[in-house]
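Have the sequence and the 3D view open side by side as you read. We will go through a few spots together, one at a time.

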Amino acid sequence: MSNSVQIRSLNKSYGKFSVLKDVTLEVPEGSIFGLIGPNGAGKTTLIKAMVGALKINSGEISVLGKDPLKNSWELRRQIGYMPQSPSLYGDLSAKQNISFFGKAQKITNLEKEVDKILEFTELTGRANDPVRNFSGGMQKRVSLACALIHSPRIIFLDEPTAAVDPHLKQRSWELFKELSRKGVTIFVSTHLMDEALLCDKITILRQGQVLAVDTPQNFLARGKTRIRYEKNGQTHELISGSDTSSLAKEMQKIGLDANIAKIEIEQDNIENIVLQIVNRTEG
Amino acid sequence: MKHAFIIGARVISQLKGDKRFLALSLIAPLIIIYLLKILFDAIAPPPIPAIPGMMPMPIPTFSASKFILPVSAFIVHFLSFVLCAILLVQERTRGTLDRMLISGFRKISVISGYTIGYFGLATLQALLVITEAVYLFDFDFPFKTICILFLVIWLLAIVSVMLGIFISTFARHEGHVFPFIPLIILPSVFLTGILVDTDKLPVAADLAGYLFPLRYANNIIVTLQQNEYHFSDLWPNFLILFLYAVGLLFLASSTMKEKE
């Protein structure tokens, strides 16, 4: 599988303040690639660099085989970008917003494409309502539709589900999965750990540095399982890996006898694992 | 060019939809001119009654026309500048400017689109202001003069739009536009011959006045109020105003950043 994005030793600073430090990444084509990190980690800066909206200090970026700074106009026909804020015209309807941003691209039969994207993002029913009357979540959906109108090969989503209700969030991720199945590469930034599990691959960014890149499954495998049991009035704790075979071995050590009154099993979730990685790096 | 018209159409639709903005742009200048009429009527000296057998006394003259047309031009200049700058800064704060550029619109299309969008507003502003001034102050101008007056105020409005676009590139939010008003707009009131003839100003102030587009608009308006004028008296100032607009277009284009 080839890579849609390749970044080598990317550095970006504003004056003396370093925002991205030696970032190296590879995003496989057609995958959902998650960029997770707290606010201020440099996620938006990295995305802006990839869409060609930001000059970098050093390093190399290749998006679909092209330098986004040198070939920005050529690339803009192939990439979609959904900014963190909805960035829409409140006085225009959902349909007019999508159509306006669509006109920047050479799209044959734009009106038909707008209708298709409205249907895909489930906005048909409110297509002609002014966007200013929409909830935050609905505005994000219009923003996504604007980013998708020209059928890009790769789409950059900057915190697309922040401040969105659980139902819309779930529906948004169903849309991302559907796009990925169609072969579109999805690069999504988030600070919500539960979303990381929905990605094919995730990278942890902290203070402008990549701390780890792996699949969610491999990240989970780095976690621990704590088995606490009460025997003869005393609490005991065993620690094993996260996989089920090591858990079984640990359980065999205990031996379930009549004296064991209570068993508690606690597995590290992705949030704990990420925090451990962050703490280890800081330590 | 197609992109510029797409953006221009969007700006026009936004202006049409924003009733308060339209009212401020079109009605405010008319109210100010009406207030000026009241003011000028109040400060005009009363007629001195003729005394039989005596030579008529020299009457102090106060010509409202000397002030009203340049002041009208200034009002259009001020409002066009401020409103255009604020609207473009709003594009930046809302994130739509970045989005336009990333979506494939070029900055020159954005600037041209805004200019196209404001063409209609500038035309309306100029028409309304001149119609009201001519009606309220009983100006007895030939039709040709009124047409040239319209043209100069319209061109000044376009220059103001360009200035607004240029200044907006230095502002991160709407509040940043306001410091430019005392810096750029207010000095033009004092240095361009609206209140005081430029030949009465100190040399340095007179020279500084050449930096402001209002000076050239005022030169044309002053010439138009003379009994006789020739096109050759007007075109150098028209040319400078036009060059001002083109120069500001290029300046705005070079200062607007496509990449941070």
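Does A:Gln207 count as buried, exposed or partly exposed? A:Gln207 counts as partly exposed because its relative accessibility is 48%; here buried means under 20% relative accessible area, exposed over 50%, and partly exposed in between, with a 1.4 Å probe and protein chains only.

## Before we start

This is a predicted model, in which local features need pLDDT of at least 70 and side-chain atom pairs count only at pLDDT 80 or more, while totals for chains, interfaces and linings use all residues. Residues are numbered from 1 along each chain as its sequence is written, chains are lettered from A and ligands numbered from 1 in the order in which they are written, and side-chain values use heavy atoms, with hydrogens and water left out.

## Two loop residues in chain A

Let us stay with A:Gln207 for a moment. A:Gln207 lies in the loop that links strand E8 (201-206) to strand E9 (209-214) of chain A. Helices (H or I, at least four residues) and strands (E, at least two) are DSSP runs, numbered from the N terminus. Most residues other than glycine have a negative phi. A:Gln207 is not a glycine, yet its phi is positive, at about 45°.

A:Glu122 is another non-glycine residue with a positive phi, this time about 55°. Look for A:Glu122 in the loop between helix H4 (110-120) and helix H5 (136-148) of chain A. With a relative accessibility of 42%, A:Glu122 counts as partly exposed.

## Helix H5 of chain A

How many of the 13 residues of H5(A) are buried? Twelve of the 13 are, so this helix is mostly covered. The buried residues include A:Lys140, A:Arg141, A:Val142 and A:Cys146. Their cover includes strand E5 (79-82), helix H3 (94-102), H4, strand E6 (154-158) and H6 of chain A, and also helix H4 (96-103) of chain B.

Two packed helices are described by the angle between their axes and the distance between the axes. H5(A) packs with helix H6 (residues 166-181) of chain A at about 15°, and the axes are 11 Å apart. Axes are lines fitted to C-alpha atoms, for helices over the stretch in contact, and angles run from 0 to 180 degrees between N-to-C directions. H5(A) and H6(A) are therefore roughly parallel; angles under 35 degrees count as roughly parallel, over 145 as roughly antiparallel, 65 to 115 as roughly perpendicular and the rest as oblique. On the H5(A) side, A:Gly137, A:Met138, A:Arg141, A:Leu144 and A:Leu148 meet A:Leu168, A:Arg171, A:Leu175, A:Phe176 and A:Leu179 of H6(A), where contact means heavy atoms within 4.5 Å.

## Chain B, an all-helix pattern

Which elements make up chain B? Chain B has ten helices and zero strands. Its C-alpha atoms fill a box of roughly 85 × 40 × 35 Å along the principal axes, and 53% of its 260 residues are buried. Among contacts in chain B between residues at least 6 apart in sequence, 81% join residues at least 24 apart.

B:Gln125 and B:Val76 are 49 residues apart along the chain, but their C-alpha atoms are separated by 6.9 Å. Neighbours within four places in sequence aside, B:Gln125 is in contact with B:Ser25, B:Leu26, B:Val76, B:Leu79 and B:Ser80.

## Helices H9 and H10 of chain B

Now find helix H9 (residues 213-224) and helix H10 (residues 231-255) of chain B, whose axes come within 9 Å and cross at roughly 155°. H9(B) and H10(B) are therefore roughly antiparallel. Residues in this contact include B:Tyr216 and B:Ile220 of H9(B), and B:Phe238 and B:Leu241 of H10(B).

H10(B) has 25 residues, which at 1.5 Å a residue should span 36 Å; the end C-alpha atoms are 36 Å apart, which agrees. Among the buried residues of H10(B) are B:Leu234, B:Ala245 and B:Leu248. The buried residues of H10(B) pack against helix H5 (107-136), helix H6 (143-168) and H9 of chain B.

Notes. Expected span 1.5 Å × (residues − 1).
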